[in-house]
Amino acid sequence: MRKQLFRIASVLCLCAASSAVASAQDFQKSYRLGADGSVSIRNVSGAIDIVGYDGDAVTVSGFKEGRDRDRVEVVDESTAGGVNVSVEYPRNCDCDASIRFEVRVPRSVAYDFSKIATASGDISFKGVRGRVRARTASGEVLVEDVTGDIDASTASGNVSVREASGTVNASSASGDVDVEIARLEGTGNMKFSTASGDVSVRLPSSLDADVHMSSMSGKVQTSFPIEVKERQHGPGSYAEGRLGGGTRTLRISSASGNVSLTGK
């Protein structure tokens, strides 16, 4: 009898937990997109997490949070060619509300993620393919195991790119920029910069580029055969040189911090 009561209590707990998740998940929709499809998520306050999986549909889940959560709406203007989801707040609303988006996409399909943005919140990509543009005014940006053309930036926060394949650009106005590229593709120019923070870049040892590195008030370091020099007039140091045929331009800079370029 006691075991039976325990089983009933366990089932009731699981049902209550499922109900809580369902009530918190205020938006959920699935979309079927072709290989040329686009995914646009524009948030105001809240994180955006995009992850690849072994399914065949794009799923978008939005979770409302905060005291005024019911005053914020998710606007879905998606078409057959692309997902287009944004957030709408009441006019002149000093709302205590945010929405956290979780997006799952087929990992084997390349999409256009050129409009992924939030005014306040973190953005992350993991295990996807395609053209990635991530923008946040206040938050961290993490891009991991992504293949394609990547451009990640934040006005206040760190940017981290790991195990990327393709052409990458990354910047922060106030924060560190840390980039690791496993495989370079194409000949597109690349730029990694911050106004206040360190910039660390790790690239394949077969790098072919015209390299320009500089820091106004920090160290410049590189494991590639490029000479580091002190500026004759004014503070700071720099390094410039051609590796291979110089098929692309690579710029690494910090106004206030250290910069480094190493091979792998």
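By the ring-pair rule, under which rings of Phe, Tyr and Trp (its six-membered ring) pair if their centres lie within 6.5 Å, with planes under 30 degrees apart counted as stacked, over 60 as edge-to-face and the rest as tilted, the count comes to 2 aromatic pairs. Select Y111 and F113 to see an edge-to-face pair, 6.1 Å centre to centre with 80° between the planes.

The model is predicted, with local features needing pLDDT of at least 70 and side-chain atom pairs pLDDT 80 or more, while totals for chains, interfaces and linings use all residues. Residues are numbered from 1 along each chain as its sequence is written, and side-chain values use heavy atoms, leaving out hydrogens and water.

Next, select R100, whose charged end sits over the ring of F63, 4.5 Å from its centre (CZ of Arg or NZ of Lys within 6 Å of the ring centre and within 35 degrees of the ring normal). Then move to R104, which lies over the face of Y53 at 4.0 Å from the ring centre.

Finish at S153 in strand β12 (residues 147–154), where the side chains of S153 and R135 are joined by a polar contact of 3.3 Å.

Methods:
Helix = DSSP H or I, 4+ residues; strand = E, 2+ residues; numbered from the N terminus. Polar contact = N/O pair within 3.5 Å; in protein donor to acceptor, adjacent residues only side chain to side chain.
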